[in-house]
Amino acid sequence: METKANYVLIGAFTLVVGLGLLLFGLWAAKYSSESSWQEYQVVFREAVTGLSVGSPVQYNGIAVGSITKLSLAPNDPSQVIARIRLDASTPVKTDTTAKLAITSLTGPSIIQLSGGSPASRKLTEVDQRDAPVIRTSPSALQNITDTANRIVEKMDQVLSDENVAAISATLVNLQKISGDISNREAGVQALLVSARDAARKLDTTLTTANGTLSDLDRNVVQQLPQTLAKLDAALAKLDSAAGNADAILGENRQAINSFANDGLAQLGPTLSELRGLIRDLRRVSDRLEGNPARYLLGRDAPKEFTPE
């Protein structure tokens, strides 16, 4: 009986210890899992085609976590909320951005994290929620899609019915112009011949004018020394005449000064007397013209006898 009781106690003790070790292992695993991972949210404002739960998350090309949940925003179905789990040591900063990317042409879509300057604070220090939100930037695929959509819109505007009709009318006009030019080929050739003749005549005229200018320049250059000699002689004569005039003025300076002092002083009274003489002569002339007999004879003219 005692032997059997010892086996039961030993078995019970073993079970209790094993169960305790199992519970401790589970608690330790849970604590280790919770302490080594950090969850974040990424809100996309574009379609996330190819993205699924379990898709990897990379930071500058290095795998740092995975996607744990994808859902639509309750207030705005155009937005997609991706919940991701990253290694707790991943340096997610306030200026870190997330965008969609593909690993290859046929590979699945992933979330690519980039940015994060050393001076920036950690996102978990600023956003105290259990899952801080990482900012997003448009993906290259989205940029290509937006550009393609704009190009298609522009093409639709360019290829509108009015523009197509205008292009068709322009092509018809060009065809008519081409036919007219083909029909007037002879006239065009004649015009070209006339233009060639006119150019030839113009060339001859320019050659003649060039020769005339050359001869004129040659004559001017040849006659230039003679002209300069004549000019020099004329200047010499002017210089000599100026010298003679200066000598004459020097020789007669005393007489000129005497005339200026005495002659001009006497000229004033003489002019006054001459002015009075002229006045008297004018009065005599007026009297002679009015009644010459009375003025000359001192009496009136005899009256003419008239018979009765």
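A residue is called buried when its relative accessible area is under 20%, exposed when over 50%, and partly exposed in between (1.4 Å probe, protein chains only). By that rule, buried residues make up 13% of the 308 residues in the protein chain. This is a predicted model, in which local features need pLDDT of at least 70 and side-chain atom pairs count only at pLDDT 80 or more, while totals for chains, interfaces and linings use all residues. Residues are numbered from 1 along each chain as its sequence is written, and side-chain values use heavy atoms, with hydrogens and water left out.

**Whole chain**
- The protein chain has seven helices and seven strands, where helices (H or I, at least four residues) and strands (E, at least two) are DSSP runs numbered from the N terminus.
- From the N terminus on, their order is α-β-β-β-β-β-β-α-β-α-α-α-α-α.

**Thr96**
- Thr96 lies in strand β5 (residues 96-102).
- Thr96 counts as buried because its relative accessibility is 1%.
- The side chains of Thr96 and Tyr59 are joined by a polar contact of 3.2 Å; such a contact is a pair of N or O atoms within 3.5 Å, and within protein one must be able to donate a hydrogen and the other to accept it, with residues adjacent in sequence counting only if both atoms are side-chain atoms.
- A polar atom of the Thr96 side chain also lies 2.9 Å from the backbone nitrogen of Lys93.

**Leu271**
- Leu271 is in helix α6 (residues 253-290).
- With a relative accessible area of 42%, Leu271 is partly exposed.
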